[in-house]
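Subject: Structure handover

Hello,

Here is the structure we spoke about. Please open it first, then read the notes below.

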Amino acid sequence: MLSTPEPGNPVTSVVVRRALALRSAALRSLIARIPRPVRQGLLVFASYQIGFVILAGMPLLRHLTVPNLRQYWTDEQFYPWCLGWWPYAVSHGINPMFSGHIGAPHGYDLAWASTAPSVALAMWPVTAAFGAVVSYNIVTLLIPPVSAWTAFVLARRLTGRFWASLLAGAVYGFCPFELLHTWQGQLNLTATGLFPLMGYLVLRWWDGSLTRTRFVIWMGLVLALQFYTFNEMFAELTAVLAGGLVIGLAVAGREARRKALRLAALTALAYAGAIILSSPYLIYMLKHYQGILQRENPVYSVPLIRLILPASSKMFGFTPLIRYSNKLHPTGIESYVGIPLIVVLLALAVFTWRSRLTRMLLFGFVFVIALGAGHHVVVTSTRHTYALPWAGLWRLPFARSAEPVRFIVFGVLVLAVALAIWLAAPAKGKLRLAARWGIGLLAAAVIITDSYTSYIDVHPVPPGYVTESGMHPVNQLPTFVTDGMYRRYLRPGEIVVILTGRGNAGMLFQAASGFYYRIAGGYINASLTPTNAVPPQVLLLAHPSKAAIHKFDDYARSQGIGALVVEHTWARPWMRKLPRLGMHGTPAGGVTIYPMAPWLASQGRQAVPDTELMPPT
């Protein structure tokens, strides 16, 4: 019989070494089967992700279960709610474009709200497994590296150079527009990774590696995804593509012009497919059009000075620039691209003017900035503006609520591509090569180092609101929510008002509670709902005169309010004085629950049964 080798036996060592060698060879064989571009792409994405976490996202990574971003505002609570709402609505057969769970008992129409359904549905497995807060924090960490990676893919396809494309991707994915809106928690604005992918598809078709049919299918899918991510950016993308087509036809030669016209026709077919895929959402939007806010204020335009002057204390230590920047209004700081990047684009124009691609990039950047100017040209201050001839276009229904400053994301993409071309171009002599890379590295360093690695608020803090916005223990959700204690004190579907110094906390608590209860109030956006997410009739209790109490009484009775829930940690002083009004509360899990029925009965009337105020399905 054969004996089993024992530890220490030379035979054992040989067997182990052979097993490890076979395993290593199998692993190398498996890796070798992965195409080199795929391996390269995975390495780049990992580099972007690790770099982003180390430089900016480590606090967020350490506190995945905690709401992190500015808790006194509204968007940071709205988007976790969106991540939870779409899976909940779809799985329960509810119309996701209308929610009776907020603004109860009547509900809110979400037709013109930027709920980012594509992101919410993509994160569904994470949301289902770990909850809306964790899902929101993870997607916040992922989106900038994904945007950087797609820009790398575009630049790599265009130039064929790895390091040049790596730098270009970083410029796009970690630019001020991306990071500022990341820390503002606006997923609809930060999910910009689809724009470079569209350019990649165009390049694939242009060089013949993608057939017409596949181009139309893939482009249609990407366009539809962008519509379901943020329809305003979809409309702005359409304007940019239309302008790009005109510019392309203008600079192209005879043969290239014919090919460009074929590309335009194929893109039109892709648009038709995207509209068909988006038709359920689009038709509902058109049927439920509302008179939304018109944004003609110059504060929504790109201030030209902000292209070269950031609102940052860094600026490589140039004190005079810091002082001048601090004198300007902080709006438009997401428009910063830096002088070196603009110099790179101009240098390309000077040295490679004969290149049609260079002319397209230059004219395209000017066109994007013209769109970003919106109704008025703002040079340094919004007090001194100049009206533009096309200002009337911004009063059209699909454009009236748009913010022109958001066009800058396309300008950054143009500059990132220009940087990749600049670095990839051959240079005669080591000195010229060093100079080329020196300017390129400086351009990337300026835009990245002057981006925001933590939240910088450019809006005034609402009066009386708590201003802690970092990773603080105070940001923990109360155990009333996290431990499911709400089930002991509230009925399913009961209408409650969440009172706390957190902005829009009702929607955050509701999402974390799996939509167990409905809330009165809630914030969607400035165009459709009041800035304060708490109903104004409830806020009257902050100054409890007889008239104020009577109005609150009428409101609570007519709307079927079942309870007021006050969060202890974030409570403002007036919220702690509700017992003085005769309300009797029960403390539980970091909140106090004040049932309305006993209080309304003490006022001499009967509460309206909650079942009579169910929202329409």
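Is arginine 258 buried, partly exposed or exposed? Arginine 258 is partly exposed, because its relative accessibility is 48%. Its salt-bridge partner is glutamate 255, with 3.6 Å between the closest N and O atoms. Glutamate 255 has a relative accessibility of 56%, so this residue counts as exposed. Both sit in helix α13, residues 254-287. They are three residues apart there, so about one helical turn separates them.

Please note that this is a predicted model. Confidence comes next, then the fold, then the remaining side-chain pairs.

**Confidence**

The mean pLDDT of the chain is 85. A value of 70 or more is reached by 84% of the residues. Helix α11 (residues 212-229) has the highest confidence, at a mean of 97. Helix α1 (residues 10-33) has the lowest, at 60. Two stretches need care. Residues 455-471 have a pLDDT below 50. That stretch still has 46 contacts in the model beyond near neighbours in sequence. Residues 606-617 also stay under 50. For these, the model has 25 contacts beyond four places in sequence.

**The chain as a whole**

The chain has 617 residues, and 53% of them are buried. It holds 24 helices and nine strands. Take the contacts with a separation of 6 or more: 76% of them come from residues 24 or more positions apart. The accessible surface is about 28,500 Å². Carbon and sulfur atoms account for 65% of that surface.

**The sheet**

Five strands form an open sheet with mixed pairing. The order is β6-β5-β7-β9-β8. At the edges are β6 (518-519) and β8 (586-588), each of which pairs on one side only. Strands in a sheet pair through backbone hydrogen bonds, parallel or antiparallel.

Start with β7, residues 563-567. Five of its five residues are buried. In a regular strand, side chains alternate between the two faces of the sheet. In β7, Ala563, Val565 and Glu567 point one way. Leu564 and Val566 point the other way. All of these are buried, Glu567 included.

Which strands pair with β7, and in what sense? Strand β5 (residues 495-499) pairs with β7 in the parallel sense, over four bridges. Valine 497 stands opposite leucine 564 in that pairing. Strand β9 runs antiparallel to β7, and five bridges join the two. Here valine 566 has threonine 592 as its bridge partner.

Strand β9 (residues 591-595) also pairs with β8, in the antiparallel sense, over three bridges.

**Salt bridges**

The whole structure has seven salt bridges. One of them joins arginine 157 and aspartate 207, at 2.9 Å from N to O. Arginine 157 belongs to helix α6 (residues 132-159). Aspartate 207 lies in the loop between α10 (194-206) and α11. The two residues are 50 apart in sequence, so the pair ties together separate parts of the chain. Arginine 157 is partly exposed, at 34% relative accessibility. Aspartate 207 is also partly exposed, at 43%.

Arginine 491 and glutamate 494 form another salt bridge, with the closest N and O atoms 4.0 Å apart.

**Cysteines**

How many disulfides does the structure hold? The search finds zero. Among the cysteines, cysteine 82 is buried, at 1% relative accessibility. Cysteine 175 is buried too, with a relative accessible area of 1%.

**Where to look**

For a link between parts of the chain, go to arginine 157 and aspartate 207. Treat residues 455-471 and 606-617 separately, as their pLDDT is under 50.

Best wishes

Notes: Residues numbered from 1 in each chain as written. Predicted model: local features only at pLDDT ≥ 70, side-chain atom pairs only at ≥ 80, totals over all residues. Heavy atoms only, no water. Pairing = 2+ DSSP bridges. Buried < 20%, exposed > 50% of the residue type's maximum accessible area, 1.4 Å probe, protein only. Contact = heavy atoms within 4.5 Å. Areas by Shrake-Rupley, 256 points an atom, 1.4 Å probe, with all protein chains shown as cover. Disulfide = S-S within 2.5 Å. pLDDT = per-residue confidence, 0-100. Salt bridge = Lys/Arg side-chain N within 4 Å of Asp/Glu carboxyl O.
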